[in-house]
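Colleague: Could you take a close look at the disulfides of this model, and then at the aromatic contacts, and tell me what joins what and how buried the partners are?

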Amino acid sequence: MSGKLYFVAMAVFTSVYSQSDVRLPPNVIIPDAPKVVYKNYKDGFSLPCQAKGIPEPSYEWLRGGIPLIASPQITFDSVKGDITFTDFTTREEGVFTCVARSMFDSTIVKSFAPTYTLKQSRIDEFRTNATISVVADEYSYIKLNCANKGEAVGEEIRYDWYDVNGTQIKIDDRQFIDQNGNLHYAYVTTADGNVRKYRCGISATGLSYVQLGGVVVLSINTIASPTAIAPQMQYTNSRTKFIRFSTATLECFFSGYDPQYPNVPVTKWYFDDGNEINATGRYSFSADQRRLIIYNADEPDEKNYYCQAQNTRGTSNKEAVFLDITSSPIFYPNGAPVDQTMSEGKDAVFNCNARSARGETEPDPPVWYINGQQVSSQTDKTKFVFSEGNKKLTIRSLKKATDIMCIQCSVSNPVGTTWADGCLNVLLPILILRQPPSTQNIYFGDTIDLTVTAITDPSQNLTYRWKHNNTDFPNVPPFVVYNSTTREAYINTSNLNIDQYESVRGTYIINVTHNFDYIVVEMNVVLRDKPDLDAPNANAPQLLYTNSNTTFLRFSTATLECYFSGYNDPQYPDVPVTKWYFDDGNEIKETSRYSFSDDHRLLIIYNVVETDEKNYYCQAQNTRGTSKKEAVFLDITSSPIFYPNGAPEDQTMSEGKDAVFNCIARSARGETEPDPPVWYINGEQVGAQTDQTKFILSDGNRTLTVKSVKKASDIMCIQCSVSNLVGTTWGEGCLNVLSINGADWLGLGTASILACLALLGTVQTWNTD
């Protein structure tokens with residue numbers, strides 16, 4: 001290569017890459033959804049749990065949210081993840097959660113699987129077996145109740161009716177067993193009375209027995225000359241609740257008699273717009289049309305459906321059967337925590353935004369967990385920032401060494417609780433090791449350096465994508481000599497003709513990317529011996545962006561940002577020069593409290609306090625002009641701030657006196673005032689049970705007086721907490737009580753001892769030197 005070669009070598013910060021191993025938080029793949037599992041008495045079985053991660057995760061299990069301790073009946077494999085039941089009964093029923101866990105340095109990362117809810121299939125005996133007599137006229141409607149049922153638990157509960165000998169009764173078109181097991185007759189005949197004795201029977205899938213209820217004795221009065229009876233609605237299961245995405249079955253039963261076939265009323269179903277419902281992929285019917293089955297029922301299906309019956313005697317009214325859809329909380333789109341992979345230094349955002357089904361009570365606020373540990377007042381609120389009514393969690397300034405984690409949240413309503421789990425993987429950032437200067441002023445014969453090299457997390461492969469003057473190139477732009485191994489790239493202009501030389505001017509962009517991050521390196525090539533007649537003229541600075549009104553915590557480091565556009569070619573520097581000013585017009589100089597980024601677009605203020613809350617001004621200048629001063633407001637916020645002498649302090653007092661503790665705090669200027677203080681005595685919250693003659697709260701709960709202190713009972717520590725929208729501030733002061741009988745002289749100061757001895761007349765002077 002000939003001519004000048006321009007490049008910038010970037011420092012490699014090895015400390016950033018001290019965690020250069022490949023890491024991947026655990027991700028549970030089995031089970032992939034909550035499951036309800038029914039098992040029989042004394043069954044033995046295993047349930048799988050499988051997760052992926054680097055390193056390979058280990059496993060633990062929770063039962064009802066509490067760590068499971070292995071027993072002869074329940075064991076789990078901490079390596080493979082399976083849980084095994086050897087002797088299943090109601091004793092082992094419950095909600096079981098598999099937890100996949102990995103350790104990174106000293107941090108244990110936990111990912112929660114969807115739950116298994118285990119139930120023992122069983123049909124309990126009927127509570128009573130009393131005999132009931134039913135008398136009806138022939139061709140009239142009757143209902144035999146399946147009453148006094150015991151608990152029925154199973155994947156599919158089935159109701160049938162039996163005669164007194166235990167023989168199952170065959171159900172014909174006149175009969176219908178509803179969802180509660182009751183037996184309906186559209187009309188009865190004397191033949192129904194021949195059986196005379198009926199019993200309701202309940203069974204469940206997988207069980208080999210049937211529980212039979214009490215005897216129903218049926219007597220039928222003969223009608224000699226029957227006539228047709230028009231349909232009459234006798235039963236629907238309107239407003240039965242069905243869980244969202246389940247199969248909903250609507251029931252509708254009409255009585256009626258017709259001497260002509262089919263003898264019973266014919267039932268049809270209609271939508272609320274009047275159109276008849278036909279069997280399709282989402283809708284089907286029972287053989288007698290008395291059941292409308294809707295698959296995968298969702299909220300839009302919550303409405304009235306109409307059933308109507310007809311025979312030769314007439315047509316019934318359309319009867320509304322309302323389908324009620326219910327659900328545990330439903331996450332909005334993008335409302336649940338999801339797995340994320342991000343580079344160091346960025347912020348990760350997790351959402352937990354859910355609602356209830358239409359028309360139902362809204363959910364409680366979310367409860368958040370970090371690696372299975374519930375977020376509490378001890379959680380670092382500068383690192384983990386909650387907003388939007390606790391529905392959004394932002395994790396600030398990620399680090400690979402400490403911030404690979406799994407985030408869980410739960411949202412509850414009266415129907416149930418919905419859980420979600422999202423894991424955060426943090427990668428080392430893309431670090432540019434070498435790049436050319438942003439502008440290269442070239443003469444013919446010079447070498448243009450276009451070399452960009454970078455490193456990143458070892459789990460990722462970097463890709464380099466090129467663009468020249470807004471044209472993308474699948475490999476490299478024309479005339480670039482490129483080594484794909486070393487990434488060295490250059491153009492030797494001495495090898496070009498005049499036209500080719502003129503074509504290499506302009507902007508080169510190299511986009512360094514991997515699956516989760518990118519960095520754009522931009523450089524401009526100016527041909528000093530071939531002025532670009534089409535190049536843009538210089539233009540004055542114009543404000544593009546500030547972060548005015550950004551809120552910073554009191555005593556933190558605040559960074560104000562100000563960015564101007566503007567073009568200054570051919571003068572150096574190409575970009576406008578930025579300066580910062582106080583609100584009194586004086587320029588801000590770099591001191592121990594104030595510093596700037598290299599380009600002066602960032603003003604950094606250390607240890608900010610309330611008096612720093614004001615406008616700062618940025619202004620930019622180039623050869624074309626000077627911008628106006630643009631205000632950037634610094635907003636200071638804080639958890640409650642104790643007034644001077646407003647926090648509880650340590651005190652030592654003699655018996656019989658009153659001790660006074662203060663808890664007087666305020667919010668930062670212009671912010672919502674704090675809630676009233678909450679007091680604690682030795683860590684126990686003051687409440688109605690506290691002796692209110694001994695411990696007296698006053699001044700709007702901001703002062704606590706401990707009356708007539710005694711050494712025997714009143715040596716204690718007092719705590720108080722004060723909260724506002726930003727956070728909670730705690731204060732603590734301990735009370736020491738001295739007796740007045742001389743037993744505490746060793747705890748007295750020199751002056752006190754002198755005073756006491758002087759009173760006794762035992763000494764005239766005391767040398768304290």
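Modeller: A residue is called buried here when its relative accessible area is under 20%, exposed when that value is over 50%, and partly exposed in between. The model is a predicted one, and the values that follow are computed from it. With that cut-off in hand, Cys307 counts as buried because its relative accessible area is 0%, and Cys252 is likewise buried, with a relative accessible area of 0%.

These two cysteines form a disulfide in which the sulfur atoms of Cys252 and Cys307 lie 1.9 Å apart. The torsion about the S-S bond is 65°, and the link of Cys252 and Cys307 is right-handed.

The search of the whole structure finds 8 disulfides, and another of them is formed by Cys146 and Cys200, whose sulfur atoms are 2.0 Å apart. Here the torsion about the S-S bond is about -75°, so the disulfide of Cys146 and Cys200 is left-handed. This pair also links distant parts of the chain: Cys146 sits in the loop between strand E15 (142-144) and strand E16 (152-153), while Cys200 is in strand E20 (residues 197-204), 54 residues apart. Both Cys146 and Cys200 are buried.

A further disulfide joins Cys717 to Cys734, with an S to S distance of 2.0 Å, and with 100° about the S-S bond this link is right-handed. Its ends are 17 residues apart, Cys717 in strand E70 (residues 716-723) and Cys734 in strand E71 (residues 728-738), and they too count as distant parts of the chain. As for accessibility, Cys717 is partly exposed because its relative accessible area is 22%, and Cys734 is partly exposed with a relative accessible area of 23%.

Turning to the rings, the count comes to 20 aromatic pairs. One of them is formed by Trp466 and Tyr482, an edge-to-face pair with 6.1 Å centre to centre and 80° between the planes. The pair links distant parts of the chain, with Trp466 in strand E46 (residues 463-468) and Tyr482 in strand E48 (residues 481-482), 16 residues apart. Its two members fall into separate classes of accessibility: Trp466 counts as buried at 4% relative accessibility, whereas Tyr482 is partly exposed, with a relative accessible area of 29%.

Phe582 and Tyr594 form an aromatic pair that is also edge-to-face, at 5.4 Å centre to centre and with 80° between the planes. This pair likewise connects distant parts of the chain, 12 residues apart, as Phe582 lies in the loop between strand E55 (577-581) and strand E56 (594-596), and Tyr594 lies in strand E56 itself. Tyr594 is buried because its relative accessible area is 12%.

Elsewhere, ring pairs link Phe45, Phe85, Phe88 and Phe96 into a cluster. Charged side chains also meet aromatic faces: Lys629 lies over the face of Tyr581, at 3.9 Å from the ring centre, and Arg174 lies over the face of Tyr187, at 5.6 Å from the ring centre.

Terms used
Residues are numbered from 1 along each chain as its sequence is written. This is a predicted model: local features need pLDDT of at least 70, side-chain atom pairs count only at pLDDT 80 or more; totals for chains, interfaces and linings use all residues. Side-chain values use heavy atoms; hydrogens and water are left out. Rings of Phe, Tyr and Trp (its six-membered ring) pair if their centres lie within 6.5 Å; planes under 30 degrees apart count as stacked, over 60 as edge-to-face and the rest as tilted. Helices (H or I, at least four residues) and strands (E, at least two) are DSSP runs, numbered from the N terminus. Buried means under 20% relative accessible area, exposed over 50%, partly exposed in between (1.4 Å probe, protein chains only). A charge sits over a ring if NZ of Lys or CZ of Arg is within 6 Å of the ring centre and within 35 degrees of the ring normal. A disulfide is a pair of cysteine sulfur atoms within 2.5 Å.
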